[in-house]
Amino acid sequence: MDNTAVATELEASHAHLARWAAELEERSPLEALEWAVEQYADRLTFATAFGPEGCVLIDLIGRRRLPIDIFTLDTGLVFPETYELWQRLEARYGLRIRGVEPELSVEGQAAVHGEKLWERQPEQCCHMRKVVPLRAELARVDAWITAIRRDQTPQRAGALVVEPDEKFGIVKVNPLVRWTKKQVWAHLLEHDVPYNPLHDRGYPSIGCAPCTSAVKPGEDERAGRWRGTAKTECGLHGPARASA
Ligand code: SF4
């Protein structure tokens, strides 16, 4: 296929997604998940870090027994509470959530790049422990599901229910993009969905333990992520960048 044909095909595919994005904007998260299964079947995966939104999607997938592959990026640095939640969710819904590990163990990374790389170069650390493993997983599928919401960060404000993911060259499905934090918590409580107990101890957004701190009342819900640095995202969402 020549460049013109590739560009034409890409344009048609983007137009197709734009039509579905408009259609799904009015639908429920469950309907967006079901649509994704219909469209992409086993070429679909869901990446979760077990945030409240991820737990909502696991609940919907688990209760409807949707045939969706689920994985988490196991950096080796997450909180014990997060590992426990992972096990509780698997037991509750009778499903398996794959752990995807980076090439280097925490000790291996320290040996090659020095101790506590996250304190000196968090972008590089996230790149090796999250972005590279994620890219390898996404290279095997046509679409991935994420649990992002528009009001989480300015970078996520323009996200659609379904959109091309320029960074990874596949389709991104964001079933909860329209939901508010209040809706997420209402769902968790109404359906008695397991969630991370750290949320009740001042941690609204939870990533790796070394890069997550509690937030004070009135602070942004992601203020505890990479506190004291300009970093606000792992590099998993948003435009393609050379370093992340
Ligand atoms: S969140 Fe922190 S510890 Fe985890 S991969 Fe990123 S920089 Fe490394």
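**Figure 1. Helices α2 and α3 cross in this predicted model.** The axes of α2 (residues 29-40) and α3 (residues 52-64) come within 10 Å and cross at roughly 65 degrees. Axes are lines fitted to C-alpha atoms, for helices over the stretch in contact, and angles run from 0 to 180 degrees between N-to-C directions. P29, L30 and L33 of α2 meet L60, I61 and R64 of α3. Contact requires C-beta atoms, placed from the backbone, within 7 Å. Five of these residues are nonpolar, none is polar and one is charged. Ala, Val, Leu, Ile, Met, Phe, Trp, Tyr, Cys and Pro count as nonpolar, Asp, Glu, Lys and Arg as charged, and the others, Gly among them, as polar. Residues are numbered from 1 along each chain as its sequence is written. The model is predicted: local features need pLDDT of at least 70, side-chain atom pairs count only at pLDDT 80 or more, and totals for chains, interfaces and linings use all residues.

**Figure 2. A41 sits in a loop with positive phi.** The loop runs between α2 and β1 (44-47). Phi of A41 is near 45 degrees, and A41 is not a glycine. A41 counts as exposed because it has 12 C-beta neighbours inside 10 Å. The cut-offs within 10 Å are 20 or more other C-beta atoms for buried, 12 or fewer for exposed, and partly exposed in between, with C-beta atoms placed from the backbone.

**Figure 3. F50 also has a positive phi.** The angle is about 65 degrees, again in a residue that is not a glycine. F50 lies in the loop between β1 and α3. With 24 C-beta neighbours inside 10 Å, F50 counts as buried.

**Figure 4. A shell of 13 residues surrounds the ligand.** The closest are W118, C125, C126, C208 and C211. Near means a C-beta atom, placed from the backbone, within 6 Å of the molecule. Helix α7 (residues 122-138) gives the most to this shell, with five residues. By class, nine shell residues are nonpolar, two polar and two charged.

**Figure 5. The protein chain holds eight helices and six strands.** Helices (H or I, at least four residues) and strands (E, at least two) are DSSP runs, numbered from the N terminus. Their order along the sequence is α-α-β-α-β-α-β-α-α-α-β-β-β-α. The C-alpha trace spans about 50 × 45 × 35 Å along its principal axes. Buried residues make up 35% of the 244 residues.

Technical notes: Two residues are in contact if their C-beta atoms, placed from the backbone, lie within 7 Å.
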